[in-house]
Amino acid sequence: MARLTKKQKEARAKVDRNKLYSLEEASALLKEITYTKFDASVDLAVRLGVDPRKANQMVRGVVSLPHGTGKDMKVLALVTPDKEAEAKEAGADYVGLDEYLQKIKDGWTDVDVIVTMPSVMGKLGPLGRILGPRGLMPNPKTGTVTMDIGKAVSEVKAGKIDFRVDKTGIVHAPIGKASFSTEKLVGNANELLTTLIKMKPTAAKGTYMKSIYMSSTMSPSIPIDTKIG
């Protein structure tokens with residue numbers, strides 16, 4: 001096991017593992033224990049009381065973070081020629097169709113989100129094995145398969161993220177950067193958690209929000225009180 005650095009030990013010492021922090025306390029503490037030289041990403045890990053193997057307990061959706069993610073999301077718009085200008089005007093980083101389908105087939109996936117049109121989805125099917133594991137396959141439920149390409153691209157650029165519960169029942173989602181103010185981190189975290197609460201499946205029994213942890217790149221995680229309402 002790798003030995004902890006002095007700064008990592010100091011960071012761990014500041015987190016009381018027996019305490020459940022409020023979002024405000026956790027956000028403030030996180031800024032103290034983040035020592036990376038780059039602007040670290042801040043994430044929430046929320047364990048839900050659901051069985052993701054059952055279709056009626058799958059939690060998946062989108063949320064528009066009020067303060068954005070702090071990351072410049074690279075968007076690929078796979079569109080027909082009549083939609084190219086709309087995609088470019090909205091800020092898409094890459095716009096086209098067949099040439100990008102070929103690039104993906106050859107292994108290129110250097111984007112964060114792919115937006116496309118219903119008529120193009122048939123061409124994306126064969127690329128599912130490449131895009132699926134990377135979370136890049138467009139989906140109508142997340143608003144990335146639509147005729148309103150400009151709106152879809154703009155929302156992603158403004159801080160719209162999609163999330164889904166993994167096979168262990170945990171939702172991992174970015175809520176900003178370590179350089180964000182405490183208020184912005186709290187605002188983004190609240191928006192995500194409120195959205196998750198609204199999405200509670202009727203089939204889920206017992207405690208829904210089992211645990212919440214906040215962390216930044218390479219920082220220890222901070223346990224958060226699940227009673228946020």
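## Helix packing, strand pairing and a buried leucine

In this predicted model, helix H2, which covers residues 23–33, packs with helix H8, which covers residues 182–198, at an angle of about 130 degrees, and the axes of the two helices are 9 Å apart. Because of that angle, H2 counts as oblique to H8.

**The contact of H2 with H8**

- The crossing formed by H2 and H8 is right-handed.
- On the H2 side, the contact is made by Leu 23, Glu 24, Ser 27, Ala 28 and Lys 31, while H8 contributes Thr 182, Leu 185, Val 186, Ala 189, Asn 190 and Leu 193.
- Sorted by residue type, the contact of H2 with H8 holds six nonpolar, three polar and two charged residues.

**Strands S3 and S5**

- Strand S3 (residues 75–78) and strand S5 run parallel and are joined by four bridges.
- One of the residues in these strands is Leu 76, whose bridge partner in S5 is Ile 114.
- Within S5 (residues 113–116), Val 113 and Val 115 point one way, whereas Ile 114 and Thr 116 point the other way, and all are buried.

- Leu 97 sits in the loop that lies between strand S4 (94–96) and helix H4 (98–105).
- The relative accessible area of Leu 97 is 12%, which is under the 20% cut-off, so Leu 97 is buried.
- Leaving aside residues up to four places away in sequence, Leu 97 touches Leu 78, Val 79, Thr 80, Val 120 and Lys 123.
- Leu 97 and Leu 196 are 99 residues apart along the chain, and their C-alpha atoms are separated by 34 Å.

Notes
Residues numbered from 1 in each chain as written. Predicted model: local features only at pLDDT ≥ 70, side-chain atom pairs only at ≥ 80, totals over all residues. Heavy atoms only, no water. Buried < 20%, exposed > 50% of the residue type's maximum accessible area, 1.4 Å probe, protein only. Contact = heavy atoms within 4.5 Å. Axes fitted to C-alpha atoms, helices over the stretch in contact; angles between N-to-C directions. Parallel < 35°, antiparallel > 145°, perpendicular 65-115°, else oblique. Left-handed = near helix turned anticlockwise from the far one by under 90°. Nonpolar A, V, L, I, M, F, W, Y, C, P; charged D, E, K, R; others polar. Pairing = 2+ DSSP bridges.
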